[in-house]
Structure formats: structure tokens, C-alpha cells
Amino acid sequence: MDASGDGRNPRGPRARTRTHTRTRTGILLSAAAALVAAAVPASASQPAPAPAPDPVVVDCFSKGQVRPEEYLLACGDGNNRLVDLRWNTWGPDTATATGTDMVNDCRPYCAAGRFRPYPVTVTLSDPQPWPDRPGTQRFATIRLLYTDTAPAPLPKDVTYKLVYDTPSPTPTPTPSP
């Protein structure tokens, strides 16, 4: 507006439009900056949830283990254990390893028997909630695939349900494909 008060802009109608556009742009940029400033602290104060830990395998002493080097299969008498386990994978659904299954031949009886080695591939699977440890999963199935011979009378491919309230797992032959 000019000093004469007639409502005309001495710079012309274009000057008024440019000034109006600049004012509108400034208001929009200020509003956008305020929104960004308000959003950044909100997102920064809420950390992303941590990924769930990988499942464990529970040993004979009810201790959860990850990638154990040894695992006792026969908790009651100790006549069957996995040794020299080398874990290839350990994830949320399965874990795989190679190692040796040391099995007592119990000849002529278990106290006088010899431990015999059987090369084996081990697969842990079927993660289930661990009632004693909320938020922790434990593998509930172990599969042993003997890469040479299997201890008699077992087949070369056997699956055990890891039942933690009994002294030792019960073998279940794995069906052939």
C-alpha cells in the first residue's frame, strides 16, 4: 500500500502477487519444519523392538545352550552323547551341526561296555516356548543322520522329541522320502 492511501501498490500488481507467494511459501516451509521437528523426537524416543533371541537347546541340567560342543542324549545313564559338534547354522527355526555320537555298546553290560563313535549330522528344530524362561524358545526335536553306520538297532536316520521332564528322549524312526 502506498502513502497516498488509494490502495494501489506503486510497484504494480505483480509485486503484490510475488509478496503474497513468498509469504505463503514461508508459512508452508515453517509449518513443514515444525512437523519434522515434532516427528523426529517422537521416533527417536521409541527404539525399534529387539529381535527375539535364537532358540536354545536345553541340557540335562535344565540349562539353555547355544551351539554346545557336546550334548548328552542319555541323561539318566550317560551312555549316549554327542561330541565335537561343529555348528554350521543356528537360527530361529533350525540349527545344524556335524559331530560324533558316542554310544556305549553295553557289552557284556553297560558298566563294562565301550563307547563307540558314529559320525553324525545333527539337526535341531521345532522351537517351542520354554515355560521356565518366558520369552525364550527351546528346540523340541533333534534329528540324527548317521553318515556311516548307525548304532544297532537304530536306523541311519532317527528323530527324537526332546522331552525335558523325562530322563532320555524316545527315538522315532524318520520316514524315508
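User: Cys60 first: buried, partly exposed or exposed?
Analyst: Keep in mind that this is a predicted model. Cys60 has 27% relative accessibility, so it counts as partly exposed.

User: Which cysteine does Cys60 form a disulfide with?
Analyst: Cys75, and the two sulfur atoms sit 1.7 Å apart.

User: Is that disulfide left-handed or right-handed, and why?
Analyst: Left-handed, because the torsion about the S-S bond of Cys60 and Cys75 is about -80 degrees.

User: OK, and what parts does the pair tie together?
Analyst: Cys60 is in the loop between β1 (57-58) and β2 (64-65), while Cys75 is in the loop between β3 (71-72) and β4 (80-90), so the link ties together parts 15 residues apart in sequence.

User: What about the accessibility of Cys75?
Analyst: Cys75 comes out at 31% relative accessibility, so it counts as partly exposed.

User: Switching topic, how many disulfides are there in total?
Analyst: The count is two. Besides the Cys60 and Cys75 link, a disulfide joins Cys106 to Cys110, with an S to S distance of 1.9 Å.

User: Left-handed or right-handed for Cys106 and Cys110?
Analyst: Right-handed, with 95 degrees about the S-S bond.

User: And where do those two fall on accessibility, buried or exposed or in between?
Analyst: Cys106 is partly exposed at 23% relative accessibility. Cys110 is partly exposed too, with a relative accessible area of 32%.

User: Last one: what's the pairing if you number the bonded cysteines in sequence order?
Analyst: For the protein chain, the pairing is 1-2, 3-4.

Notes:
Residues are numbered from 1 along each chain as its sequence is written. This is a predicted model: local features need pLDDT of at least 70, side-chain atom pairs count only at pLDDT 80 or more; totals for chains, interfaces and linings use all residues. Side-chain values use heavy atoms; hydrogens and water are left out. A disulfide is a pair of cysteine sulfur atoms within 2.5 Å. Helices (H or I, at least four residues) and strands (E, at least two) are DSSP runs, numbered from the N terminus. Buried means under 20% relative accessible area, exposed over 50%, partly exposed in between (1.4 Å probe, protein chains only).
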